[in-house]
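Hello,

Here is the structure we talked about, with the sequence alongside. Please open it first, then read my notes below.

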Amino acid sequence: MNRLIVVGAGPAGLTLALQLARAGQAVTLIDSRRDFARGLRGDALMPCGLEALARMGLWELLERLPQRALEGWSVWLEGRELFRAAEPMGALQPCRLVPQQLLLEALLQEALTLPAFTWMPGVAVSGLLHGERSAQGTPAAGPRVRGVRLSDGRELEADLVIGCDGRDSVVRRAAGLPLQALGPPLELLWLVLPQQALEGNGQPAGFLTLVAGGAIASACRGAGGELQLGWLLEPGEATPQRSALEWAEAIAAMAPPELADLLRRKGDQLSRPQRFTVQVGLVRRWQRPGLLLLGDAAHPMSPIRAQGINQALRDSLVAARELLPLTNQQQSRNRLDQACVRIEALRRPEIERLQALQLAEARQGHTIGHNALLRQGLAWGAPLLGPVARAVWMKRQRPLREGAVWL
């Protein structure tokens, strides 16, 4: 039986470890955190992510979790609606909002029931072990990864290490696999209006993109019923120093009347903005002997259309499909390495296409947001131009929602 170590208990790592352990493959899952509470996690499961969970046999688990279907999408320019699109936009399933923390907790509880699964929370990976063991049991020189070194000094041997430890992957850096940045990093502010502030008040339907006065923002009711607000900063821009009411007014000035009224009445309950820096990129090579990268460790995605969680799930599905035939019996490590090459070859085309679509949407948003004449013209001409803009937008959304390749 091969020894597998998965580093990082996010969507890719947890679902992969669960699939392996369900098949009886001994797998150790390591995460530096003891819980799944994070400041910002993607909660939107697109049809392609839902398909991946279903094909993993996790649909019943998903159905037990609190969730809601997203109503649709709309774009507003200078307070005027350019267009809207209702879910499910031609797919079999609408986009679902599911608290990622609850999803990960449910996946872990399922995995903990399996004898082949070992869970190591609260311990960080500090490096990789290299070189094969000689017949005398001592490390031999060579490039192959043979395990991980933990922050407490322990060393764990493995036939394959799978790095699923996110966009700031320690495994990726330790392996010397460079990340190719795709454009400057995105600088985002995240604000939340709690659910109790929305009770009995008008609530926005779906995901709203707001563009006005050279600023770009977003609004959406989250999976837990709270109102999530995003504000896009220029690269390197300092966080504006505003009170809760000033932030509420800044976003209200861009919003449709019902949302603007809510923000002005309840703005004092708005959270302080959290700042996030998101570098979109693609690792030039996701694998080397004894090692494989998946999810954001291999290809950190833009937040546009919540691709991070959905592509992580699709990575996991393909990786399990390629690895399991090799892990039910003793196989040569060379065959494991060949499987990792196939996994990258199968997943890279979709990632490259979706990242290109995300970048195109970001460039278009930047052009409209920073060109006052274009913005005003589109806003005033919305009755005529809106249907055209919607058709162009819809064409780009299909692969972002349903996937760009067949798995």
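**Gly369 and its surroundings**

Gly369 touches Val211, Gly214, Ala215, Ile216 and Arg375, leaving out residues up to four places away in sequence. Contact here means heavy atoms within 4.5 Å. Gly369 sits in helix 10, residues 333–369. Helices (H or I, at least four residues) and strands (E, at least two) are DSSP runs, numbered from the N terminus. With 0% relative accessibility, Gly369 counts as buried. Buried means under 20% relative accessible area, exposed over 50%, and partly exposed in between, with a 1.4 Å probe and protein chains only. Gly369 and Leu259 are 110 residues apart in sequence and 20 Å apart in space, C-alpha to C-alpha.

**What you are looking at**

This is a predicted model, in which local features need pLDDT of at least 70 and side-chain atom pairs count only at pLDDT 80 or more, while totals for chains, interfaces and linings use all residues. Residues are numbered from 1 along each chain as its sequence is written, and side-chain values use heavy atoms, with hydrogens and water left out.

**Overall build**

The protein has 12 helices and 21 strands. Its radius of gyration is 23 Å, close to the 22 Å that the globule rule gives for 407 residues, so the protein is as compact as a globular protein of that length. That radius is taken over C-alpha atoms, and the rule is 2.2 Å times the number of residues to the power 0.38. Along the principal axes, the C-alpha atoms fill a box of roughly 75 × 40 × 35 Å.

Of the 407 residues, 54% count as buried. Take the contacts with a separation of 6 or more: residues 24 or more positions apart account for 74% of them. The protein exposes about 17,300 Å², and carbon and sulfur atoms supply 55% of that. Accessible areas come from the Shrake-Rupley method with a 1.4 Å probe; for residues, only the protein chains shown count as cover.

**The cores**

In soluble globular proteins, nonpolar side chains tend to be buried together. A nonpolar core is a set of buried Ala, Val, Leu, Ile, Met, Phe, Trp, Tyr and Cys residues joined through side-chain atoms within 4.5 Å. Which residues touch the most other members of the largest core? They are Phe117 and Ile162, out of 53 residues in that core. Helix 9 (residues 307–327) gives the most to this core, with 10 residues. A second, separate core of 28 residues includes Ala215, Leu259, Ala260 and Leu270.

Now look at Phe117. Beyond its neighbours within four places in sequence, Phe117 contacts Ala17, Ala21, Val27, Leu29, Leu108, Ala111 and Leu112. Trp119 lies in strand 8, residues 117–121. With the neighbours within four places again set aside, Trp119 contacts Ala9, Leu29, Asp31, Phe36, Leu108 and Leu112. Trp119 and Leu326 are 207 residues apart in sequence and 22 Å apart in space, C-alpha to C-alpha.

Which residues of helix 7 (residues 244–252) are buried? Trp247, Ala248, Ala250, Ile251 and Ala252. Their cover includes strand 14 (186–193), strand 15 (207–212), strand 17 (227–233) and helix 8 (257–266).

Arg242 is in the loop between strand 17 and helix 7. At 34% relative accessibility, Arg242 counts as partly exposed. Neighbours within four places aside, Arg242 contacts Trp231, Trp247 and Ala250. Arg242 and Gln101 are 141 residues apart in sequence and 30 Å apart in space, C-alpha to C-alpha.

**Backbone points to check by eye**

Most residues other than glycine have a negative phi, and most peptide bonds are trans. The peptide bond from Glu87 to Pro88 is cis, with omega near 10 degrees. Pro88 is in the loop between strand 6 (80–86) and strand 7 (96–97). Met89 is in the loop between strand 6 and strand 7. Met89 is not a glycine, but has a positive phi of about 55 degrees. Met89 is buried, at 15% relative accessible area.

Glu78 has a positive phi too, near 50 degrees. Glu78 is in the loop between strand 5 (72–77) and strand 6. With 26% relative accessibility, Glu78 counts as partly exposed.

Best wishes
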